[in-house]
Amino acid sequence: MVAGMNATSEIRITELEIPARVGERGWDDFATAIAIHYGNEALVYGTDELAFTAEETLPNYLDQEHEPTRLFAAWDGKRMVGAARYEIEPGDDPHTSWLMVDVLPGVRQQGIGTALSAKLQGVAATDGIRKAIVYTVSGFGQGQQLCAPTGFGSVAADNSEVKFLLRAGYRLEQVVRASRLPLPAPGAETMLARSRVAAGDDFVLHTWVDRTPKKWRREMAAMHQAMSVEEPTAGLEEPEDVWTIRRLDETEKRLAGGPRRFLVTAVEHVPSATLAGFTTLSVPTELDRPVTQEDTLVLPAYRGHRLGMLLKAANLEELRQRFDPRPSVITFNAEENRHMLNVNEQLGFAPIGYEGAWRRDLPN
């Protein structure tokens, strides 16, 4: 426990139960914790466009086999004043943890974040974790900048989250850009036509919603696994994420039970009858909320044919045809991922904020 709001109160930290379904046991506390996190992000970004609802978030917490995740809360009496997430890689000998700590704005600088962080560090020590990774939003700041060692991007050295992480022994490894594309995208149709010409007749597109056709399940599972090592992660050294057909099927079934729809476009290399890449858009139910750009991957053997642009432009066109209008698309990219950022910028994406990706090596 840590000292709380006044001389008579104390902050206690508890582990939250992950509800099995929306509205079931543990739901209210889970929803409050999720709201604290996205509320904090909205304050930094200056918009709630990037926020997910608890209903949208729950499916990601239910895959305890492949993404073991625990959720903790800090309480002042009966009021939740902070929340923290702890995720590890699966397996009998995990090495990496992903941590997240959020405290309500009105009660910061009172040791709550430190107490939640200490709780997560204790859990990590018990699990034998060797490395902790933190992704946190960093607002635009004046003055001295802390540059990522990749040579791309920086965060304001005077930001509170930067000071907190540095004091806790973390080092900045990467800066991630959040970008917005207003819809309808005026240049998408032109980019689609040009990229079709560049790709030529050796490549053909396939599109589906939510569930991968049986023909492509093995290759889609392999591409999800490849995504975990092909995406730039700088010095974070994120572990390879193992995907099987069974995991793909279970993940898609679980996500299909949530409120979002997942629009996937994949590109087939016709001579080999294999998939060369894919891209996914996550579409909310509400018409006034933005679509989220999820993974985009072109396998190394097929790069150099403008397939990244082909996939993204084609999926934007599919979005226009298959779904009612949405206001925008939000995406995230590492600042050093210049190829994908160039594709996004040509489509009309513009930066709206940044995240720092931090690493701390834990004592064995």
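Q: Which helix supplies the largest share of the lining of the second largest pocket?
A: Helix α8 does, with 4 residues. The model is predicted, with local features needing pLDDT of at least 70 and side-chain atom pairs pLDDT 80 or more, while totals for chains, interfaces and linings use all residues. Residues are numbered from 1 along each chain as its sequence is written, and side-chain values use heavy atoms, without hydrogens or water.

Q: What makes the second largest pocket a pocket, and which residues lie nearest its centre?
A: On a 1 Å grid over the protein atoms alone, a pocket is an open set of points with protein on both sides within 12 Å along at least five of seven lines, whereas in a cavity a 1.4 Å probe fits but cannot get out. Lining residues have an atom within 4 Å of a point, and 14 residues line this pocket. L183, P184, A185, L316 and R320 lie nearest its centre. Both α5 (188–199) and α8 supply at least two residues of the lining.

Q: How much space lies in the second largest pocket?
A: About 270 Å³. That volume is the space filled by probe spheres set on the grid points, which are joined across faces, edges and corners.

Q: How do you know that α8 is a helix, and what does its span come to?
A: Helices (H or I, at least four residues) and strands (E, at least two) are DSSP runs, numbered from the N terminus.

Q: Why is α8 called mostly covered?
A: In α8, 12 of the 16 residues are buried. Buried means under 20% relative accessible area, exposed over 50%, and partly exposed in between (1.4 Å probe, protein chains only). Among the buried residues of α8 are L307, L310, L311, A314, L316 and L319.

Q: How do you know that H269 is buried?
A: The relative accessibility of H269 is 16%, which is under the 20% limit, so H269 counts as buried. H269 sits in strand β11. Leaving aside residues up to four places away in sequence, H269 touches D202, F203, T274, A276 and Y302, where contact means heavy atoms within 4.5 Å.

Q: Why is the pair E17 and R25 called a salt bridge?
A: The closest N and O atoms of E17 and R25 are 2.9 Å apart. A salt bridge needs a side-chain nitrogen of Lys or Arg within 4 Å of a carboxyl oxygen of Asp or Glu, so the pair qualifies. E17, at 37% relative accessibility, is partly exposed, whereas R25, at 64%, is exposed. By this rule the model has 25 salt bridges.

Q: What makes the salt bridge of E56 with R260 a link between distant parts of the chain?
A: E56 and R260 form a salt bridge with their closest N and O atoms 2.9 Å apart. E56 lies in helix α2 (residues 54–61) and R260 in the loop between α7 (245–256) and β11 (261–269), 204 residues apart. Both E56 and R260 are buried.

Q: Which parts does the salt bridge of R171 with D361 tie together?
A: The closest N and O atoms of R171 and D361 are 3.1 Å apart. R171 lies in strand β9 (residues 171–182) and D361 in strand β15 (residues 350–361), so the bridge joins parts 190 residues apart in sequence. R171 is partly exposed at 36%, and D361 is partly exposed at 39%. R171, E173, E237, R359 and D361 are linked in a network of salt bridges.

Q: What lies between β3 and β4 in the hairpin?
A: There are 2 residues between the strands, and G77 in the turn has a positive phi of about 65 degrees.

Q: In which sense does β5 run with β6?
A: β5 and strand β6 (residues 131–138) run parallel, joined by 4 bridges. L99 stands opposite V134 in β6. Of the 8 residues of β5, 7 are buried.

Terms used
Pairing = 2+ DSSP bridges.
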